[in-house]
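Open your viewer and get ready to click along. Each stop below gives you something to select and then tells you what is there.

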Amino acid sequence: MKILAIESTCDETAAAVVESFGDGVRVLKSVVASSVEMHEKYGGIVPEVAAREQIKSIIPVITEAMSDEEVDAVAVSYGPGLMGSLLVGVETAKVLAWAWKKPLLKVNHMAAHVMANWILAESDTVSQWHTDTVPELPAVGLVVSGGHTDLILMESLTKWTWIGGTRDDAVGEAFDKAARILGLLYPGGPEIEKAASKVTEKEWKTNKNKFKLPRPLIHDPGLEMSFSGIKAAIARVVESKEYKDWISPFGDQRPYQVGNDKTNGVRFLDCARNDELKRNLVAREFSEAVIEVLVKKTMMAIEQYRLKSVVLAGGVAANNKLRETLKHEVERAGLSFHVPELKYCGDNAAMVGAVAILRREEAELDLKPEPSLATV
Ligand code: KG4
Ligand code: ZN
């Protein structure tokens, strides 16, 4: 059973051909086109621009993914996402299913992020695949993307219950907004990660209490999270006198000290390097804060439910610090930890194919996009 899967919920246009493989799926081909560079200059997604790019890319992307293959069904994510973008994928999928007289399968985009963890093998050419095992259930899924932050109890492939998550902004959105305040590019997640990773351990140890940010609801006994306050907190830090006047105590050891006039005792400082270091320190503090909250809440879910594994998913799951910290804690608690390969964390169609194969939810040809579809 081979499926053509289509993904067009936001600013990626993607198509993939997948088939079942053991308890999971194998990706035969996955193609992703992104309009992210066009959004970079606006510091965020412009829905009309995203939809227009979807229209341009959808046919070339499907053609590349399909080569000469015949497929048994067409699958598409029908929500959540931007209405204009969703329409492009959904209408294309309907036309193809109708023309080829194949079943049309509907897929929840957030479920697709989670089930990227069921991608076990791939082959662009037949010889290149890798194998792994699927997550053992029951599991808890931590789904972190630009629009969602959910903790999902997964008792089977279809019996999912929302047990926690954000009550306001999604964590990816917080990364994007924090980046904008710090003068970094969109999407903010990878930019913040890069900036944070430039801080050396020595710099961090000496300065980690300088620009403190809150860990919202971390001591709250529930599994709710909140990320809307942390942006305002960053803005407050960046506007504070302490931040504006901050001078690196590492002036003596770092190359940004361009001169040292011994005769009158004046130390010269390269202001650009100093500004970059303090910005990186705030980026690091921001990542520490949100990752601490995400890990703490996931570990609390482990204590409250009898689980076998934890699956991490969504665009923010590409964050290495989050991947490593959560893996460490989950394995220490004796559970198995799963996270998709990096290329299957962001939006892609292979994950859509995984849900289509493993859940097989047929749709009528009058399928409509659902921009606000919930994860469960
Ligand atoms: O899942 P996704 O590609 O699209 C949605 O369905 O929303 O997630 C995009 C989000 C963006 O907010 C982006 O900043 C964030 O994922 N992101 C990251 C990283 N890479 C992408 N956040 C933190 N660290 C990263 N390395
Ligand atoms: Zn997504």
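Predicted model: local features only at pLDDT ≥ 70, side-chain atom pairs only at ≥ 80, totals over all residues.

**Stop 1: Glu292**

Select Glu292, which touches Arg215 and Ile218, leaving out residues up to four places away in sequence; contact here means heavy atoms within 4.5 Å. Glu292 sits in helix 10; helices (H or I, at least four residues) and strands (E, at least two) are DSSP runs, numbered from the N terminus. With a relative accessible area of 37%, Glu292 is partly exposed. On this tour, buried means under 20% relative accessible area, exposed over 50%, and partly exposed in between (1.4 Å probe, protein chains only).

Residues are numbered from 1 along each chain as its sequence is written, chains are lettered from A and ligands numbered from 1 in the order in which they are written, and side-chain values use heavy atoms, with hydrogens and water left out.

**Stop 2: the largest nonpolar core**

Next, select Ile192 and Phe286. These two have the most contacts inside the largest nonpolar core, which has 57 residues. A nonpolar core is a set of buried Ala, Val, Leu, Ile, Met, Phe, Trp, Tyr and Cys residues joined through side-chain atoms within 4.5 Å. Elements that give two or more residues to this core include strand 7 (139-144), strand 8 (149-154), helix 5 (171-181), helix 6 (188-197) and helix 10 (271-304). Helix 10 gives the largest share, 15 residues.

Which residues touch Ile192, not counting those up to four places away in sequence? They are Phe175, Ala178, Ala179, Leu182, Leu184, Ala283, Phe286 and Ser287. Another core, of 38 residues, lies apart from this one, and Val18, Ala75, Ala121 and Val352 are among its members.

**Stop 3: helix 5 against helix 10**

Show helix 5 and helix 10 together. They pack at an angle of about 170 degrees, with their axes 11 Å apart; axes are lines fitted to C-alpha atoms, for helices over the stretch in contact, and angles run from 0 to 180 degrees between N-to-C directions. Helix 5 is therefore roughly antiparallel to helix 10, a label for angles over 145 degrees. Color Val171, Ala174, Phe175 and Ala178 of helix 5, then Phe286, Val290 and Leu294 of helix 10, to see the residues that make the contact.

**Stop 4**

Click Leu182, in the loop between helix 5 and helix 6. Leu182 is buried, with a relative accessible area of 9%. Its contacts, again leaving out residues up to four places away in sequence, are Ile192, Ile234, Val238, Arg279, Val282 and Ala283.

Then jump to Leu151, in strand 8. Is Leu151 buried or exposed? At 0% relative accessibility, Leu151 counts as buried. Leu151 and Glu224 are 73 residues apart in sequence and 9.0 Å apart in space, C-alpha to C-alpha.

**Stop 5: the zinc ion**

Select ligand 2, the zinc ion. Its protein donors are His109 (NE2), His113 (NE2) and Asp347 (OD), 2.0 to 2.2 Å from it. Donors are N, O and S atoms within 2.8 Å of the metal (3.2 Å for Na, K and Ca); water is not among the atoms, so sites may look incomplete. Along the chain, the donors follow the spacing H-x3-H-x233-D. His109 and His113 both lie in helix 4 (residues 109-115), four residues apart, about one turn of the helix, and both are buried.

**Stop 6: backbone details**

Zoom in on the bond between Gly79 and Pro80: the peptide is cis, with omega about -5 degrees. Pro80 is in the loop between strand 4 (73-79) and helix 3 (83-100). Leu137 and Pro138 are also joined by a cis peptide bond, with omega near 0 degrees.

Finish at Lys101, a residue other than glycine whose phi is positive, near 55 degrees. Lys101 lies in the loop between helix 3 and strand 5 (104-108) and is exposed, with a relative accessible area of 70%.

Methods: Parallel < 35°, antiparallel > 145°, perpendicular 65-115°, else oblique.
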